[in-house]
Amino acid sequence: MSAPTVYLDHAATTPMLPAAIEAMTAHLAEVGNPSSLHASGRHARRVVEESRETIAQALNCRPAEVVFTSGGTDADNLALKGIFWSRRAADPRRTRILASTIEHHAVLDPLDWLAEHEGADVELIPVDDRARLDVDALRAAVERDPDSVALISVMWANNEVGTLQPVEDVVAVAAPHGIPVHTDAVQAVGAVPVDFAASGVDALTLTGHKLGGPYGVGALLVRREVEVTPISHGGGQERDIRSGTLDTPGIAALAAAVELSVKEQPVHAARVAALRDDLVRRVIEQVPDAHLHGALLDSGELRRLPGNAHLGFPDCEGDSLLMLLDARGIECSTGSACSAGVPQPSHVLLAMGCTDEAARHSLRFTLGHTSTAADVDAVVREIAAVVERARGARASS
Amino acid sequence: MKVLAAMSGGVDSAVAAARAAEAGHDVTGIHLALSRNPKSYRSGARGCCTIEDSNDARRAADVIGIPFYVWDLSERFHEDVVEDFMDEYAAGRTPNPCLRCNEKIKFAAVLERALALGFDAVATGHYARLRAGADGLVEMHRAVDHGKDQSYVLGVLDQHQLAHSLFPLGDTPKESVRAEAAERGLLVADKPDSHDICFVADGDNAGWLREKLGDRAPNDGGDIVDDSTGEVLGRHDGTYGFTIGQRKGLRIGRPAPDGKPRFVLDIEPVTGTVTVGPRERLAVERLSAIRPRWCGTVPRRLEGTVQLRAHGGEHRAVVTAEETAALRDGSSLASSGTISIELLDPAYGIAPGQAAVLYDGTRVVGSATISATA
């Protein structure tokens, strides 16, 4: 293919920032286990601890509150299982876990597992038709029996439709009862302002490859006062909460990416949101019955991730659209990727009240730090013909 | 041409896709997801519906260097193939779900979607040959490798479907295809062939039907009756466990008086009666068949051969329109919904529901579903 790829799937993974690549490659060539006591080990440990301090400073937490993990799924599992177990151990009445219906599978599936194997009573709190948590429903669920709630988990921003969640309201509901709050913020860090201390949450998940860092490394920010039972056992490298030899190059690159993406967040968000708004407006001009899913475009108040455009195209299959755009060098997503590659209607769209049918005719374009106006132009140029063709395919089968 | 290659994860469809790409076509690979819950279908390397098969297909597409997607056809497959399979057994017939899948899924739902998306043809790893006929139509012939020939399960395809199909393996013996796969670096080169029915996980059709049919089963058992004496020889726990011509698994304690083996002669789904008798009572010399489908021009009558099972032999046959009151005058195959097949050498163990595929030499003329035997 001669034309450059138009990559509009930054919510799946975004290219590494040059500063992160530099940090990673610099340390790949060095030897030293951060747990070793000799000079090489001390050097590696210093890199890890400086990285921890960098991340702590960028996200306003204490360095000791940064627990490195292998990524978002690892951090979510650690937070949910680890906090559930420690809370229940302290008081056996605490068997309830409250979460939103639109969490990522890295949250929903551990909760299913806890329900099935650990007797957890998981309650999923509904969202409105823009995918924003129903705080009143959460409050009612808590107040029904606050002493039985082990923890609450609500994502900072939804990965599919981009809606920001009322995390501070969640904290306000939980705090009077001393209930810990976890938030999966993998989509949020670097995209919207994230201040761990000010947010009042007790645990926060982030991952490298969503913010310009490497794959396979992430962190759980977890308040020092919060007890977390480990889910895997070994050397106890990270506060005895998580074991495993620390990935010095990955951690250095993660820190470089967090530092830079957080620093540039205001400029980045404004630029990407302008491109996104342009994309949404012009796609709807081309395909008049296309419609935006999730929160309205921002007008003053921040309501959705700046790079997210999640659009419904009635009367066609998202699969067909994706394949036709891919053939034209435009890469996007129909929703959460699935291991078997079998598309299922998105649980997020279903939770927002979409029909099964509507959930299948959607495409997610997500812009990021490498996106340009030319990317938007390419989508606008192709979308009408692609939708028309996909509609034909739908009508014929 | 823009070609959509249906890739099951097996060696044949992988080589077919590679050949199509090498021939200069713009090929896109797709794997058909036929089950909503892949774990419930056959596990291991023998079926065509598992996550493992999907991954094998994806890796083959990587090696060939073509784009690859998974298409979810699970709902259509369930409605058109699995439900039909159950309905047919519930009615005491013996369906062939592979033909049904080709007719309704691979060369219908998939082909039509492909054409609408801008593709010109669908390529599969079936062993059959296509060539241009004298009348300008596309003819389908048996594969060079008669042992692997799959024209029988393609006998339901009409001219429109054939005109948009590619069977790149039809002129090659299976063993050469395996060798070629290895040469091309396709890791599925030594993957075992698939057999049986892809959605019956362990090959136990009767067990699968017992579980799935549940309340829909026409009966939960009945008598096994001797054809000549009317004597009840035993009991069975559901007619769907039987097919006409079946010899094994009858579990009749006593041998027949003449010491010869007994076969299923008839299945009565309402009463649950299974009639058994000697092999000669299975001989069939005349068939009626419904829902005829023609690959090209419809002959007025046909003197050719007919194949009655996927791996069955050929029988010389004369095929004519079945005379009905409405069609008495000038009835021809073209206008008839029922065809009559006279077998010049008798066939044994022929069950209603099976497909009769009609040949003129190596050329497939058409097919129909057997409705009655005599």
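Two residues count as being in contact if their C-beta atoms, placed from the backbone, lie within 7 Å. The views below come from a predicted model.

**View 1. Seven strands of chain A form an open sheet with mixed pairing.** Read across the sheet, the strand order is 2-8-7-6-5-3-4. Strand 2 (66–69) and strand 4 (121–125) of chain A stand at the edges; each has a single partner strand, so one side of each has no neighbour in the sheet. From one strand to the next, the twist averages 20°.

**View 2. Strand 6 and strand 7 of chain A run parallel.** Strand 6 consists of residues 181–184 and strand 7 of residues 203–207, and three bridges join them. Asp184(A) has Thr205(A), in strand 7 of chain A, as its bridge partner.

**View 3. Domain 1 of chain B touches domain 3 of chain B.** Chain B is divided into domain 1 (2–190), domain 2 (218–277) and domain 3 (283–373). The C-alpha centres of domain 1 and domain 3 of chain B are 26 Å apart. Domain 1 of chain B brings 22 residues to the contact, and domain 3 of chain B brings 18 residues.

**View 4. On domain 1 of chain B, the side that touches domain 3 of chain B includes residues from strand 6 (138–142) and helix 5 (159–163) of chain B.** Each of these elements gives two or more residues. Strand 6 of chain B gives the most, with four residues. By class, this side of domain 1 of chain B has nine nonpolar, seven polar and six charged residues.

Terms used:
Residues numbered from 1 in each chain as written. Chains lettered and ligands numbered in written order. Predicted model: local features only at pLDDT ≥ 70, side-chain atom pairs only at ≥ 80, totals over all residues. Pairing = 2+ DSSP bridges. Axes fitted to C-alpha atoms, helices over the stretch in contact; angles between N-to-C directions. Domains from an automatic or database assignment. Nonpolar A, V, L, I, M, F, W, Y, C, P; charged D, E, K, R; others polar.
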